[in-house]
Structure formats: C-alpha cells, structure tokens
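Morning, everyone. Please bring up the model on your screens, and we'll walk through it together.

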Amino acid sequence: MFFDFCQESGYDKILQVLGSSPRDFLQNLDALHDHLATIYPGMRAPSFRCTERPEDGTLILHYYSEREGLEPIVIGLVKAVASKLHKTEVEVEVVQRKSSTCDHVQFAIRDRNPSKNQTDQETEEFETLSMENKISPATFCRAFPFHIMFDRSHFVRQAGTSVARVLPALTQPTCRVTELFTMVRPHVNFTFNNILAHINTVFVLKTLDKENSGKSIRLKGQMLYVPETDLMLFLCSPSVLNLDDLNRRGLYLSDIPLHDATRDLVLLSEQFEAEYKLTRNLEILTDKLQQTYRELEDEKKK
C-alpha cells in the first residue's frame with residue numbers, strides 16, 4: 001500500500017530508475033532520502049545498506065531507523081519493489097533485531113527463482129592501463145577541489161583547494177576530520193570502520209559551527225577506500241540551494257569545478273527563482289488591473 005502511495009504521489013519515475021535489481025534499488029535508497037530531506041527539512045529518514053552473507057551469498061539488508069516496530073512495512077516494501085519494478089519474487093525474513101550488541105535490524109532477502117536472475121554476476125577485476133602515477137597530489141587537489149583524505153585515526157592527510165580555503169584548519173597537520181565535521185548521513189558513529197561498512201552509501205558531513213549555524217557548510221558525496229595507503233577519500237560537493245546560499249557560506253562559483261553538476265543546479269535554481277518572482281509580479285499586476293477595471297465599471301454605473 002505504501003509503495004502504491006509513493007507511485008501515485010509522483011515518485012513513480014524516480015523509483016523505476018533507482019536500480020536495475022532489488023539490491024541496487026536498496027543501495028541507492030539513501031540518496032533518494034537525502035534528496036527528499038532538502039525538500040522536507042527536519043525529515044529523519046531511515047538508512048539502508050546491503051551486504052552478502054559469506055556462507056551462502058544471501059543478500060542481507062541492514063535497516064537503521066529511530067522508530068521501532070516498522071519491520072513488517074520494510075518487508076512489504078522490499079517484496080513490492082522486487083515484484084512491481086524488477087519482476088521477481090523474493091522471500092524476506094528478519095534475521096537480527098535491535099539489541100544491546102546490534103543497533104539496527106537485519107533482513108535476509110532470497111530470490112525465489114535465482115535461475116532467472118543471472119545478470120548479477122560479479123564483475124571481473126579490471127586491468128589498469130599502467131601502474132605508474134599519472135597525476136600529482138597538487139593537480140588532484142585542483143581537479144577535485146572538494147575532497148578530504150584522512151587516515152584511520154581521522155587525521156586529515158590531504159584536502160582540495162576550495163574546501164581548504166573555506167576551512168583553513170584542514171591544512172593543519174594535527175587536524176582531525178571528526179573535530180570539524182559531524183556525520184549527517186548515514187546515521188552511524190563517525191568512525192573509519194563504520195565508513196567501510198557503509199562504503200556504498202551517500203555520505204553527508206556538516207561543519208561543527210554551533211555559533212553560526214546558518215553559515216555551516218554541508219558536504220555531500222561518496223567515500224572511497226584507498227588500499228594503497230590505507231586512507232579514506234571523501235569526494236564531495238557543497239550542498240547549496242541557490243547563489244545566496246553559496247555566498248552565505250563564503251563560497252563562489254569558481255570554487256566548484258566545471259565537471260561538477262552543482263554549478264548547473266545552483267544556476268537553474270536561481271533561474272527558477274527569477275521566473276517565480278516574475279510570475280508573482282505579473283499576478284500582482286493582473287490583480288491591480290482587475291481592481292481598476294471593477295472600479296471603472298462601478299463609476300460607469302453611477
């Protein structure tokens with residue numbers, strides 16, 4: 001029922017393209033929730049991530065929520081998504097409930113007809129063109145001006161040019177990323193191991209600025225583990241609504257690289273706002289003209 005309600009509420013198209021399989025759909029659900037959170041401030045959406053059980057490869061769905069007792073709804077949603085979007089039938093059961101040792105609920109998802117779903121084969125490890133370094137750290141920092149690289153102790157080892165400009169503390173050798181940011185999504189403690197466990201999730205970090213909350217910077221992106229150096233790379237973009245929002249946080253369009261879609265989104269938002277103001281002014285002018293017309297008609301009757 002809830003899935004049907006979402007489709008009827010105008011989210012049918014985005015639900016259809018969220019993933020090609022139930023696993024991909026659930027892995028990308030957090031990205032949709034984060035988008036909805038910008039539309040509905042204060043929204044505290046649940047968080048989802050998927051893993052495989054080592055023994056038999058069964059898909060395990062990890063469900064994090066502040067609300068209790070919603071397991072039957074999750075089971076119904078997973079079955080509806082598999083049936084209506086991916087034309088497959090699945091069995092879903094709770095294998096781990098919240099406890100003192102586990103802060104979330106786990107579901108086992110099994111395909112009733114695994115022979116029909118052979119497209120989810122593991123991709124072979126691709127061969128790199130060369131093992132030689134082709135880019136220097138300085139060039140990388142310019143190409144990705146909003147990125148932060150940190151180690152298991154959370155010490156910042158590298159930062160992009162733009163994020164380092166607005167947050168100079170990142171350039172200090174003793175700076176820890178946990179001292180500057182709080183993790184908004186996913187809803188887990190800000191630790192290296194938790195990030196590894198949620199590596200396929202959209203991450204949102206927000207600066208710890210209690211005095212000027214209106215100027216706090218919100219960074220949205222993905223975490224990438226760098227096995228060569230045992231570091232975590234946060235590739236991100238500033239999450240802003242319009243040019244005023246950008247300026248209020250001390251940022252400029254020049255800070256955002258040309259390849260980042262954030263530029264287009266900010267400018268489109270500004271264009272939409274300008275068109276909205278024009279439409280509103282036209283409505284006010286139309287109301288005034290109608291009022292003048294009524295007054296003239298009243299004068300004629302006299």
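Let's start with the rings. A search of the whole structure finds six aromatic pairs. A pair here means rings of Phe, Tyr or Trp (its six-membered ring) with centres within 6.5 Å; planes under 30 degrees apart are stacked, over 60 edge-to-face, and the rest tilted. Helices (H or I, at least four residues) and strands (E, at least two) are DSSP runs, numbered from the N terminus.

A word on the source. This is a predicted model, where local features need pLDDT of at least 70, side-chain atom pairs count only at pLDDT 80 or more, and totals for chains, interfaces and linings use all residues. Residues are numbered from 1 along each chain as its sequence is written, and side-chain values use heavy atoms, leaving out hydrogens and water.

Buried means under 20% relative accessible area, exposed over 50%, partly exposed in between (1.4 Å probe, protein chains only).

Next, Phe192 and Tyr225. Their ring centres are 6.3 Å apart and their planes at 80°, so this pair is edge-to-face. Phe192 lies in helix H8 and Tyr225 in strand S9 (residues 218-226), so the pair ties together parts 33 residues apart in sequence. Phe192 is buried at 3%, while Tyr225 is partly exposed at 33%. Put together, Phe150, Phe190, Phe192 and Tyr225 form one aromatic cluster.

Now helix H4. How far apart are its end C-alpha atoms? They are 20 Å apart. The 14 residues of H4 (residues 71-84) should span 20 Å at 1.5 Å a residue, so the two agree. The expected span is 1.5 Å times one less than the number of residues. Buried residues of H4 include Val74, Ile75, Val78 and Val81. An α-helix has 3.6 residues a turn, so residues three or four places apart point the same way.

Finally, the whole chain. The secondary structure comes to 10 helices and 10 strands. Of the 302 residues, 37% are buried. That's the tour. Thanks!
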